[in-house]
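Open your viewer and get ready to select a few residues by number.

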Amino acid sequence: MAGGLFMGGAIAALFATALPLSSQSSPFDDPPPDKIVISVATVNGSGCPQGTAAVAVSPDNTAFTVTYSNYLAQVGGNADPTAFRKNCQLNLNVHVPQGFTYAIASADYRGFASLQSGASSTEKASYYFQGSPNTASITHPFRGPYGDDWQATDTTDWAQLVWAPCGVQRNFNINTELRVNAGTSTPGSSSFMTMDSTDGDISTVYHLAWKECPSA
């Protein structure tokens, strides 16, 4: 692995450090004891066309896995001119115990990249709730020459977390994007980046922060 290009680290349980909130709410390092239910409303985008993304929800409905078979952005060679950018949007229904709200504190992504000298690529993820103007976006850059697995971890400071609205059911959207730029690489040479899979689990890949909703 090229120095400085590995982002994140081993997948491990992680929750945001609790910082002082208003007197009407209090932080939780662990999720509420009642069951959290996650269901997938839609999966769509150029990086996950119909039939190329498999979504599996765990038996207890508290975890989900999305496996991609054609999430590939590329430039050069025989690549289509529009193939330099691919994206995939997950629209999730997340049902949490009454009186609590949640936010995504961190998330891990991985794949493989082959970048020629002079080429570059980015992995970007945006998180937002249906109907909310607040969007959290994090971008991870990579530069060639590079040819190895990659992993990127998004983390958000407690004060900047985007919280689900209390008392209202709003779908949560995760929009990922891969983008490859030929830059100054040899004309016609091929560079690409793939997203292998995204695993979501309450205690592993999609890490949730929790707090109590204000009293009515």
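Start by selecting Pro145, which sits in the loop between β9 (135-143) and β10 (146-155); strands here are DSSP E runs of at least two residues, numbered from the N terminus. Now show the backbone: the peptide bond from Gly144 to Pro145 is cis, with omega near 5 degrees.

A word on what you are viewing: this is a predicted model, in which local features need pLDDT of at least 70, side-chain atom pairs count only at pLDDT 80 or more, and totals for chains, interfaces and linings use all residues. Residues are numbered from 1 along each chain as its sequence is written, and side-chain values use heavy atoms, leaving out hydrogens and water.

Next, select Asn173 in strand β11 (residues 172-181). Is Asn173 buried or exposed? Its relative accessibility is 4%, so Asn173 counts as buried (under 20% relative accessible area, with a 1.4 Å probe and protein chains only).

Finally, colour the largest nonpolar core, of 40 residues (buried Ala, Val, Leu, Ile, Met, Phe, Trp, Tyr and Cys joined through side-chain atoms within 4.5 Å). Tyr127, Trp150 and Ile174 are among those with the most contacts inside it. Strand β7 (residues 100-115) gives this core its largest share, seven residues. Another core, of six residues including Trp158 and Leu161, lies apart from it.

How values were computed:
Helix = DSSP H or I, 4+ residues; strand = E, 2+ residues; numbered from the N terminus. Buried < 20%, exposed > 50% of the residue type's maximum accessible area, 1.4 Å probe, protein only.
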